[in-house]
Amino acid sequence: MQERLSGTLDDPDDGRVIDAFSALLPEGEYLPLLLSVEPQMVIPGKAGDYFSDEQVTAWGVNQFWGLPEHPHTPYYRTFETAVDADAHLYEFVVPMVPPTWNERERVEEYAARMEQGTVSTAVAVSTLDVCQPAVSFGDDPSVHWGLTHFLLDGHHKLEAAATAGRPVRLLSLLALGEGLAGADDCARLPALRAQPRSARATGT
C-alpha cells in the first residue's frame, strides 16, 4: 500500500486503498473525495494563519483572553473558494504528528521526486463544519465552511509538497454526519472543490 500511494491515485478505490484504510475508521458513512492540493505550511500566529486572520475578521478575538484562537500545531492551507456572496469555503490539512517529527531524509526524497514530476498520494479522514458567528464581534460575519483533512498517511509527502511548491493528490474520506454540516452541504463539496481558487475580500 505504501508503494501504491507513492504515486498518483487516479481513482478513489484504485488498488483497494479505501478498503485498507476503512479498517482504521469507526463504522459510519463516508464520502470519498480525490483532490489535488498544493499545501502551504502555516505556523500559528504567523503569516497566513486562518485563526489570526479570517477567523478574527469574522468572530473577533477570544472574548476572555483578548487573543486569537490557537490551533496548537502547524498545519497546511490548501484551497479556498466562494460558496456564495455570504459564505466561503476554507480547506485545511492537519498532521497527526508535528512536522518536526518527520524524517528529514524522507521529506527530501519526496521533494526530489516531486520536482521531477511525481505526484504522490496522501490519505485523510475529513470533516465539514459550516459555522457563522451568533453575535458579530468582527468585521465580516460571513458563513465559514471549514473542510478539514486529518492525515492518516502522507505526513512526509505534505511537507515535501509544501517545501517544493508542488501538488500532491489527497484521498479524503469525508465523515458524513460527524461535522457541523448537513447532507446537502456535504453533497455540494465536489462542485465547490472544482471551482477556481479565490480569496474572500475582507469586509464584503
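1. Strand 5 (residues 121-131) and strand 7 run parallel and are joined by six bridges. Strands here are DSSP runs (E, at least two residues; helices are H or I, at least four), numbered from the N terminus, and two strands pair if DSSP finds at least two bridges between them. V123 stands opposite L171 in strand 7. This is a predicted model, in which local features need pLDDT of at least 70 and side-chain atom pairs count only at pLDDT 80 or more, while totals for chains, interfaces and linings use all residues. Residues are numbered from 1 along each chain as its sequence is written, and side-chain values use heavy atoms, with hydrogens and water left out.

2. Strand 7 also pairs with strand 1 (residues 30-37), in the antiparallel sense and over eight bridges. Here L34 is the residue opposite L171.

3. Strand 7 (residues 168-175) is mostly covered, with eight of its eight residues buried. Buried means under 20% relative accessible area, exposed over 50%, and partly exposed in between (1.4 Å probe, protein chains only). In a regular strand the side chains alternate between the two faces of the sheet. In strand 7, V168, L170, S172 and L174 point one way, R169, L171, L173 and A175 the other way, and all are buried.

4. The disulfide count is zero, a disulfide being a pair of cysteine sulfur atoms within 2.5 Å. The sulfur of C131 is too far for a bond because the closest cysteine sulfur, in C186, is 12 Å away. C131 is partly exposed at 25% relative accessibility, whereas C186 is buried at 7%.

5. Five aromatic pairs are counted. Rings of Phe, Tyr and Trp (its six-membered ring) pair if their centres lie within 6.5 Å; planes under 30 degrees apart count as stacked, over 60 as edge-to-face and the rest as tilted. Y50 and F51 form an edge-to-face pair, 5.3 Å centre to centre with 85° between the planes. Y50 is buried, at 7% relative accessibility. The pair of Y75 and F92 is edge-to-face because the planes stand at 70°, with the ring centres 6.0 Å apart. This pair links distant parts of the chain, with Y75 in strand 3 and F92 in strand 4 (residues 87-94), 17 residues apart. Both Y75 and F92 are buried. Ring pairs link Y50, F51, Y75, Y90 and F92 into a cluster.

6. F64 is exposed, with a relative accessible area of 67%, and lies in the loop between helix 3 (54-59) and strand 3 (75-84).
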